[in-house]
Amino acid sequence: MADDLSFGEVLKAVFPLLDGKDLASCMGVCRQWRDVARDDYFWKCLCSQRWPSVCKRPFPLMCSYHKLFVTFSKRHRRRTLLPPRLSFDNLEFYIDLWAEERLLFSEVVPGNVLQSGIKTPPSGICDVLRVHLEGPDYKMTMPVEPRFSIPLSQTISVSVFVGRKDTNKMACIVNRSVFDYVDATAFRALAFDYLDFSPNYPFVSGIRAWMSLLFMEDGNDGVIDVFGIEIDFCDAASSEDEVLWLLDMLDWK
């Protein structure tokens with residue numbers, strides 16, 4: 001018994017010198033080590049090193065310092081999303097493009113068309129754009145048929161709405177936004193708008209929907225030959241499920 005007591009005193013002298021990972025490991029050695037290492041004093045010392053202000057509160061914690069340390073010291077893995085409640089089969093997109101006040105393109109696009117994307121990029125596109133289209137970043141793309149050419153001197157604008165077949169409701173993604181940036185090296189003209197979310201998500205804001213015109217050289221200076229359209233939500237969504245969850249949070253009317 002005396003040996004056990006003396007050994008316990010040794011543990012009490014050593015444990016305050018350990019970091020949280022080692023102290024947690026000691027709890028798994030045997031029952032005696034676990035009982036000694038469970039003393040909340042040791043864990044309060046560790047918490048005071050990481051979050052000293054927490055240990056200055058006048059009233060005791062509702063939980064133990066051991067639980068506090070274990071809960072907030074480890075890095076949490078990204079949680080797996082639940083399956084989205086929407087599907088592309090249940091969506092359709094309404095895309096309208098104008099050059100000044102002249103309508104260039106107006107189509108009702110089934111969701112699975114944007115989901116499938118441009119499977120075979122046309123010959124003649126630049127390598128930068130080809131790498132972008134074949135890259136891992138999630139994007140929704142579709143070919144434009146027939147193609148059309150646009151003088152860069154004109155103001156080009158776009159609207160994109162999305163509809164749900166199950167509820168017959170609609171939401172806005174882009175509302176008459178202007179393509180005010182042309183990346184001549186990547187052959188993309190870009191416009192964006194901020195998504196309008198449902199009041200059920202009051203703290204979600206500042207997420208942009210990006211719309212790109214994909215083009216090739218026309219052979220004429222100042223003119224772009226548009227062969228495709230791209231939509232992405234790279235501010236917040238990087239997979240198909242994330243895009244569907246994002247669309248589900250829109251302000252459906």
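The following dialogue examines how several descriptions of this predicted model are reached.

Reader: Why is Q32 called partly exposed?

Author: The relative accessibility of Q32 is 28%. Buried means under 20% and exposed means over 50%, with partly exposed in between. Q32 therefore counts as partly exposed. This residue belongs to helix α3, residues 31–37.

Reader: How far is Q32 from V144 in sequence and in space?

Author: The two residues are 112 residues apart in sequence, and their C-alpha atoms are 73 Å apart in space.

Reader: Why is strand β1 described as largely enclosed by the rest of the structure?

Author: Strand β1 covers residues 91–99, and eight of these nine residues are buried, so the strand is largely enclosed by the rest of the structure.

Reader: How do you know that β1 and β4 pair, and in which sense do they run?

Author: Pairing requires at least two bridges between two strands. Nine bridges join β1 to β4, residues 156–164, and the two strands run antiparallel. Within this pairing, W98 stands opposite S157 of β4.

Reader: What makes β1 and β2 a pair?

Author: Eight bridges link β1 with β2, residues 102–110, in the antiparallel sense. L97 has F105 of β2 as its bridge partner. The hairpin of β1 and β2 has two residues between the strands, and E100 in this hairpin takes a positive phi near 60°.

Reader: Which residues have the most contacts inside the largest nonpolar core?

Author: They are F93, I95, I173 and F233, in a core of 56 residues. Strand β8, residues 208–217, supplies the largest share of this core, with six residues. A second, separate core has 15 residues, including F15, M27, F42 and W43.

Reader: What does I95 touch, leaving aside residues up to four places away in sequence?

Author: Contact requires heavy atoms within 4.5 Å. The residues that I95 touches include F105, V109, M142, V158, V160, M211, I229 and I231. S106, E107 and S159 are also among them.

Reader: Which residues of helix α5 are buried?

Author: In α5, residues 65–73, Y65, L68 and F69 are buried.

Reader: Why are the buried residues of α5 said to line one face of the helix?

Author: Viewed down the axis of α5, the buried residues lie within an arc of 95°, and they therefore line one face. These buried residues pack against α2 (20–26) and α4 (40–50).

Key
Residues numbered from 1 in each chain as written. Predicted model: local features only at pLDDT ≥ 70, side-chain atom pairs only at ≥ 80, totals over all residues. Heavy atoms only, no water. Buried < 20%, exposed > 50% of the residue type's maximum accessible area, 1.4 Å probe, protein only. Helix = DSSP H or I, 4+ residues; strand = E, 2+ residues; numbered from the N terminus. Core = buried A, V, L, I, M, F, W, Y, C linked by side-chain atoms within 4.5 Å. Arc of directions from axis to C-beta.
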